[in-house]
Structures are given as structure tokens and as C-alpha cells.
Amino acid sequence: MITPACASYSGCSLYIHVPFCIRKCDYCPFFSKDNESAQSVNLYFDALFKELNEIVFSKDRPFETVFIGGGNPGLLGAERLMKIARLLNEKGKVREFTIEMNPESLTDDMEVLFSSSKVTRLSIGIQSLDERHLKTLMRSASLSATLKALERTAYYHDRYGTDISVDLMTCIPSQKVEDTIADIDTIIRRGHVDHISLYNLTYEEGTKLAERLSSGSLIPIAEVQQREFLITLWDYLEENGYHQYEISNFSRTKETRCLHNERYWNLSDYIGVGPSAVGTFHDGESVIRRTGVSDIETYCTENDEKRYIFEELSSKEQILEYLLVSLRKNEGIDKNDFNKRFPIDFSTFFSTQLKMIERQFGSITVDTRDNFRLLRDGLLLCDSFIELFADPVFDLSDPLDR
Ligand code: SF4
């Protein structure tokens, strides 16, 4: 078995992918299966627990952060989730331990996860609080289950100090910006939510929603209008005390930001466990990407050589990834950090791009000696800025020498 070097490295995070859903949502590009048999869930859990055990016992400290996502981790049930939480807290308390859950899976018996304080953060996939839009997305949760889940968040937060986050979607066909505002109002009124992830709906290749779009049965919200939606909603979240720290993420305070995602955006080491789970970690001087094969049976029956794909990331790939995640953050690119990580000087290497940006986009960007970042209107054009910076990186020869 190839044990990730990160497994014995103390500053590391862990992502666990639970590949089961009640019903596949039409927009979802993630690897997950609906209607899996109890036997398949059991086999998956046994394989997962075995792998986690091996990893935990090769480490001398707890993971910095843990995130159980999916899929719908709630489908593992409270007992199995608790078993995982206990195991991962065995080498010391995990600083931030998040479980993602669909509203209908947040049943009474899940309380133990939070009352034990082994799980510190709950992320609920709400997406919308309007039956019409839930239907467009083909979400399995009913509105009443979602409202009930929201009410539980207030209870968990008040009683156990659990940090609560919700995922919300906007720009759903036929949706009005007022609909999302009403969703935000309900979330604030009915729950205790310190963190909101707000995404605009995308039509990913291979999803049913993309098929519906190409068959003409859906009319997407026009791009210009999508930008207007986002600006209005970003303003509204700010007015209500949620501060944007990444293009899609808003938090009431610095302390309630998602540390796990911040570590990911800072390219800190993390490993991914389960089918389709991705991890990136150092092995000596090399940076390794480990990706789980998207097949539950392979995960349950094969060894690591077959169920994970290992590849070494080139310096070019690392720079591209750094640009991709950093430009989405409000804090932008820390030039000193960039220069420490890579054998090129940010301001010198990108001087042509920076001059052009200053001329054409000076009002929506900030470029100082130490930092380059996009202001709010710049974030709306984030993909174009990423492309602009990526362009000269493609021409570099690899490996890059210091
Ligand atoms: S519940 Fe989540 S993971 Fe499952 S299909 Fe829906 S969006 Fe995808």
C-alpha cells in the first residue's frame, strides 16, 4: 500500500468523500450514486474505516481540519459518522471538523455528533427555500425538512457552539433576485448561520440540467443579469453582516470562516479519501496529487495502487493552481508568498499583464508592492483575470530552476 506522506505529516487536512445520495440532483457534477443498497453502503464504510484507521495510526497528531462531504454524508447514519469522528479525534482534538449534510438527513439522532463536540461545524446544502426552484434543481429535500433543519442549527449553535454554514444557490432559471433575498432573510430569521456559501447555478457537462438546457426546455438567466444578481446579493449579505472573503464565501467573523477551505486555497497539504476524492501533499520536495477512482466497487475491493491515481505536479501546474485559487480570494495574491514558493518573481514575470490591467482595469483591481487583488467588480471577471495571468505561465519550460 502507498501511504500518503502527508499521513505522517502533522500540518495536514483530510477530506472524506461519501458517494451516496437519496436522489441525484439534476445540476450535480460530483461523483455519487443514488439508491445504493445497504450492502454497498456497508462495504464502503468498512473500506473507508480501514483506510482511516491506517492513516490515523501512522500519524502522531490530529489532522488540522477534517471535512466529510459528498454526496450526502448523512446517509452513513449517526452511528457510523460518530465512529469516524471518534477515530479522527483519537490523536487529539481536530481544530475544525465539518460534516456536510442534506436537510432531510439531519435527524434527531445526529445530535450526538455535535453534543460530543467532536464535530465542530455543520454545513447544510439548502440551495433554495422555494418549492419551484427546488423542483427545477430536482432536489430531494422538501421545504418543511429544510426549515426544520434550519431551526436545528439555532439549537446546535446555542447549546453546543456548533458553527453553522449553509449552501445557497442563485441564478436558477425563472428565479428573481428577490427570491434569493427572501431565502437569505429566512435563513437569518429561522436559523443561526454564521457562514453562507452562495453559488450561481452552472450547467456542467454530463448533468441532466445541461441536457435540459440543450434541449431548450430551460431558459438560463443571461450572463449580464447573473452579474447584477451577484452584485445585489453580495451587497445584501454585507448589509446583513456577512463579509465576503472568497468569491462564493461569506462569513460573519474571521473566526467563522471555513478553515478547511482556506487551507485548500492556501495550497496547504491535504489528503482525500474515498472514490473521486482529491488530495495534494508534499512528499519531500515533490508535490503529489492523489485522486480516487470514481468507482465504489474499486474503492471497496482494491489496494491503493488501483483505487488512487498518483501524479507529481509540475511547477507550472502548481503556479496555475495558485493563481486559480488566490485570485478568487478577497485577499488576492500575496506576492511575497508567491515569490517564496516559486522560482519566479511575481511583479517581474507578470509585468506586461500588470501594466495592461492598470491601464484597463485599474478601478477594479489593487496592485501594491506586496499584494495583487481584485475588488468586488473585479471578482465578477475573475475567470478572465485568471486566463490573463495563466497565459505566460503556459509558455514556461518545466522544471523551473531557481
Ligand atoms: S445531494 Fe449534493 S452530492 Fe447529491 S446529487 Fe444533490 S448536489 Fe449532488
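Predicted model: local features only at pLDDT ≥ 70, side-chain atom pairs only at ≥ 80, totals over all residues.
Is Ser 174 buried or exposed? Ser 174 is exposed, with a relative accessible area of 53%.

Most residues other than glycine have a negative phi, and most peptide bonds are trans. To find Ser 174 in the structure, look in the loop between strand 7 (163–170) and helix 6 (177–190).

Ser 117 is not a glycine either, yet it has a positive phi of about 55°. This residue sits in the loop between helix 3 (111–115) and strand 6 (121–127). With a relative accessible area of 36%, Ser 117 is partly exposed.

The peptide bonds hold something to check as well. Going from Gly 70 to Gly 71, the peptide bond is cis, with omega near 25°. Gly 71 belongs to the loop between strand 4 and helix 2.

**Two domains**

How many residues of domain 1 are in contact with domain 2? There are 11 residues of domain 1 in contact with 10 residues of domain 2.

On the helix 1 side, the contact includes Val 41, Phe 45, Leu 48, Phe 49 and Leu 52. Helix 2 brings Arg 80, Lys 83, Ile 84, Leu 87 and Leu 88 to meet them. By class, the residues of this contact of helix 1 with helix 2 are 10 nonpolar, two polar and two charged. Among the residues from helix 1 are Asn 42 and Asn 53.

Helix 12 (residues 315–326) and helix 17 (residues 382–394) form another pair. They pack at an angle of about 170°, with axes 10 Å apart. Angles over 145 degrees count as roughly antiparallel, so helix 12 and helix 17 are roughly antiparallel to each other. Here Lys 316, Ile 319, Leu 320, Leu 323 and Leu 324 in helix 12 meet Ile 386, Phe 389, Ala 390, Val 393 and Phe 394 in helix 17. The contact of helix 12 with helix 17 has nine nonpolar residues, no polar ones and one charged residue.

**Charged pairs**

Side chains of opposite charge can pair when their charged atoms come close. In this model the count comes to 23 salt bridges. The table gives three of them.

| Salt bridge | Closest N and O atoms |
|---|---|
| Glu 64 with Arg 95 | 3.6 Å |
| Arg 290 with Asp 304 | 3.7 Å |
| Arg 341 with Asp 337 | 3.0 Å |

Glu 64 and Arg 95 form a salt bridge that links distant parts of the chain, 31 residues apart. Glu 64 is in the loop between helix 1 (38–57) and strand 4 (65–70), while Arg 95 is in the loop between helix 2 (78–88) and strand 5 (96–101). Glu 64 has 25% relative accessibility and so counts as partly exposed. Arg 95, at 58% relative accessibility, counts as exposed.

Where do the partners Arg 290 and Asp 304 lie? Arg 290 is in strand 13 (residues 286–292) and Asp 304 is in helix 11 (residues 304–307), 14 residues apart. Both Arg 290 and Asp 304 are buried. They also belong to a network of salt bridges that links Glu 51, Arg 290, Asp 304 and Arg 307.

Why are Arg 341 and Asp 337 separated by about one helical turn? The reason is that they are four residues apart in helix 13 (residues 335–341). Arg 341 counts as partly exposed at 33% relative accessibility. Asp 337 counts as partly exposed at 24% relative accessibility.

Definitions and conventions:
Residues numbered from 1 in each chain as written. Heavy atoms only, no water. Axes fitted to C-alpha atoms, helices over the stretch in contact; angles between N-to-C directions. Helix = DSSP H or I, 4+ residues; strand = E, 2+ residues; numbered from the N terminus. Parallel < 35°, antiparallel > 145°, perpendicular 65-115°, else oblique. Contact = heavy atoms within 4.5 Å. Nonpolar A, V, L, I, M, F, W, Y, C, P; charged D, E, K, R; others polar. Salt bridge = Lys/Arg side-chain N within 4 Å of Asp/Glu carboxyl O. Buried < 20%, exposed > 50% of the residue type's maximum accessible area, 1.4 Å probe, protein only.
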